[in-house]
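Dear colleague,

I am handing over the structure below, and after it you will find what I found when going through it. Please read it alongside the model itself.

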Amino acid sequence: MNVILDNGTHKIESAGTLKTTPKTIRKITKRAFMRRFTQAERIAIRASVDDIVIDIHEDLKATNNVDLDLADTANALSYLVSAAILTSDRPDEILTDGTQEEV
Amino acid sequence: MTIKTSSLGGGGALPRLAPDLTFPSDKSGISVPALVVVPVTPGVLTTTLSLTGKFDVGLLTYGSLVAEAMTHKLTIDGVVIWNDVGSSNTSETLLDGNTYSEHIQCNSSLLLEINTLTDASVTLNYLARPIL
C-alpha cells in the first residue's frame, strides 16, 4: 500500500499512486519576464518614443514580479504588437507558463 | 426542556475539519479532490482507498473503467456497508457530495475495495478530509 498522507492522527493509503499535476507557475520575476523578449525586442522597447510603450517599460521597471494572468500584462503585449515591436504570435509565447527557474 | 448537545452550534455531532494550513497556495493538499491510479488484478479484491482515523468523505468516483461486472466493497469502522456485484459503466460515481449533499464519515477506518472481471487499472477520484 502506498501512503498518501500520514500526519500522525490521519492516514490515507491506496494500492495506487497519487496522480499529481505540477503546479502552474503564473508569476515570474521581472528579469525572467524580460528574458522572454528577444534582444531586438528589448532594444526596440527601450528606444521607443511612444508614450504608452515608455509607460509600459517604466511600469515594468517598478515591479518585482510579473503576473502572466493579469489583464494589464496581456494588454501591454497587445499594444507592443500594435506598435510593431512584437509580431502577433509573440504574446502567446511570452505568456506561457513559468518555470521553476523563473520564480 | 432538554436541549440536545448536537443542536448547539459548534458542538455535538457536527464534524470539525482538521487544519489544512497550506491551502490554497498548495492545492495538492487534503482540501481538494485527489486522483489515484490503481493497478488491479482481475478477480482479486484490491484496496483503492484506505483511511485510518476520523474522516469526512465527500467524493468517491471511479473512472477509466472497463464496462463490465465488478464488485464494489466499502467497509466503515469495521462494518461492511456495500458489497455487491454490479454492471459498471466506464465511470461510476459511488458518492457525490456535491450533487446529493451526501457525505459519509468514518471514526476510525474506511476501506474501499474493487474486484474487476478483466479491468487491470482504474482511477479513483476522492475527497477525504481529516476531521477532529
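Across the interface of chain B and chain A in this predicted model, the rule finds zero salt bridges. The elements that give two or more residues to the side of chain B that touches chain A are strand E1 (34-39), strand E2 (46-52) and strand E9 (121-130) of chain B, and of these E2(B) gives the most, with seven residues. Sorted by class, that side of chain B has 15 nonpolar, seven polar and two charged residues.

Although salt bridges are absent under the rule, eight residue pairs across the interface are found in polar contact, with both residues at pLDDT 80 or more. In total, 24 residues of chain B are in contact with 15 residues of chain A, and the area buried between the two chains is about 1,400 Å², of which carbon and sulfur atoms give 60%. I quote the area because the size of an interface is often given as the accessible area lost when the parts come together.

Strand pairing also links the two chains. Three bridges join E2(A) to E2(B), and these strands run antiparallel; here Glu13(A) stands opposite Ser50(B) in E2(B). Strand E3 of chain A (residues 17-18) pairs with E1(B), again in the antiparallel sense, over two bridges, and in this pairing Thr17(A) has Val37(B) as its bridge partner.

Within chain A, strand E1 (residues 2-6) and strand E2 (residues 11-14) pair in the antiparallel sense over four bridges, with Lys11(A) in E2(A) as the bridge partner of Asp6(A). E1(A) and E2(A) form a hairpin that has four residues between its strands, and Gly8(A) in the turn has a positive phi of about 100°. E2(A) therefore deserves a look from both sides, since DSSP bridges define pairing: E2(A) pairs with E1(A) and is joined to E2(B).

A word on confidence. The predictor gives the complex an ipTM of 0.83 and a pTM of 0.62. Chain A averages a pLDDT of 91, and 96% of its residues score at least 70; among its elements, E3(A) has the lowest mean pLDDT (88) and helix H2 (residues 39-47) the highest (96). Chain B averages a pLDDT of 84, with 84% of the residues scoring at least 70, and among its elements helix H1 (residues 97-100) has the lowest mean pLDDT (59), whereas strand E8 (residues 109-115) has the highest (97). Over residues 1-11 of chain B the pLDDT is below 50, and beyond near neighbours in sequence this stretch has six contacts in the model. Where pLDDT is low, the predicted coordinates should not be read in detail.

With best wishes

Key. Residues are numbered from 1 along each chain as its sequence is written. Chains are lettered from A and ligands numbered from 1 in the order in which they are written. This is a predicted model: local features need pLDDT of at least 70, side-chain atom pairs count only at pLDDT 80 or more; totals for chains, interfaces and linings use all residues. Side-chain values use heavy atoms; hydrogens and water are left out. Contact means heavy atoms within 4.5 Å. Buried area is the accessible area (1.4 Å probe) that two parts lose on being put together, summed over both. A salt bridge is a side-chain nitrogen of Lys or Arg within 4 Å of a carboxyl oxygen of Asp or Glu. A polar contact is a pair of N or O atoms within 3.5 Å; within protein, one must be able to donate a hydrogen and the other to accept it, and residues adjacent in sequence count only if both atoms are side-chain atoms. Ala, Val, Leu, Ile, Met, Phe, Trp, Tyr, Cys and Pro count as nonpolar, Asp, Glu, Lys and Arg as charged, and the others, Gly among them, as polar. pLDDT is the predictor's confidence in each residue, from 0 to 100.
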